[in-house]
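Thanks for coming, everyone. Let me put the structure up, and then we go through the charged pairs and one hairpin.

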Amino acid sequence: MIAVTINFNSIVKLTDDQFYQLCRENPDVKFERNAKGEIIVMPPTGGETGNYNFEIATDFGIWNRQTKLGICFDSSTCFKLPSGANRSPDVSWIEKSRWEALTPEQKQKFPPIAPDFVLELMSPTDSLKDTQDKMQEYMNNQVKLGWLINRKTRRVEIYRQGQEIEVLESPTELSGEDVLPGFVLNLETLWQ
């Protein structure tokens, strides 16, 4: 299965509340929306990708419980980015004071905030170009650090605000740098 993009703009432009309601009325379907307002229907992950996503998210959760520096989110969380896009990274993190500045209603729906950190783990059916475009979209919306992990090619692309993309071949670990102080993600199990 691949993601499908549907353009309803000539018929109807969904408001934020209508898009939220569409997602709530169809809980078995994962939707995203790009900055042009096009709806993207995301396929479910397979077993391997789902397991790796869980393991990676667990590492982030343990680190975050220890440091108490922010809030972690899984792939089912949809963020309303400043560009108007609604995106759901596989793993994301927001610094605590930024999250606490949101109202209870903003936290309840699709939070209108760009995460400080995002991670995308490519599924076998993901398009590299589409995922790279999504990573660039995150950077254009003020995400500070992003990791695009491609298990098939054993490559990691590191996106940093205002810098060139760094490409690593078969790294054994990734550092959270100053965005995620003290966090190190061990990648050895991903390459097996």
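Start with Lys36. Its relative accessibility is 59%, so Lys36 counts as exposed. The cut-offs: buried is under 20% relative accessible area, exposed is over 50%, and partly exposed is in between, with a 1.4 Å probe and protein chains only. Lys36 forms a salt bridge with Glu38, at 3.9 Å from N to O. Glu38 sits at 14% relative accessibility, so Glu38 counts as buried.

A word on what you are looking at. This is a predicted model, where local features need pLDDT of at least 70, side-chain atom pairs count only at pLDDT 80 or more, and totals for chains, interfaces and linings use all residues. Residues are numbered from 1 along each chain as its sequence is written, and side-chain values use heavy atoms, with hydrogens and water left out.

Now the rule for pairs. Side chains of opposite charge can pair when their charged atoms come close. Here, a salt bridge is a side-chain nitrogen of Lys or Arg within 4 Å of a carboxyl oxygen of Asp or Glu. How many salt bridges does this rule give? The count comes to 15.

Next pair: Arg33 and Asp16. Their closest N and O atoms are 2.9 Å apart. Helices (H or I, at least four residues) and strands (E, at least two) are DSSP runs, numbered from the N terminus. Is Arg33 buried or exposed? Arg33 is buried, at 5% relative accessibility. Asp16 is partly exposed, at 41%.

Asp116 lies in the loop between helix H4 (104–108) and strand S8 (117–121), and Lys144 in the loop between helix H5 (128–140) and strand S9 (145–150), so the pair ties together parts 28 residues apart in sequence. Asp116 is buried, at 2% relative accessibility. Lys144 is partly exposed, at 42%.

There is also a network. Salt bridges link Glu32, Arg87, Glu120, Lys134 and Glu137.

Last stop, the hairpin. Strands S10 (residues 155–160) and S11 (residues 166–169) run antiparallel, joined by four bridges. Two strands pair if DSSP finds at least two bridges between them. Ile158 stands opposite Glu166 in S11. Five residues lie between the strands, and in this hairpin Gly162 takes a positive phi near 75 degrees.

Over to you for questions.
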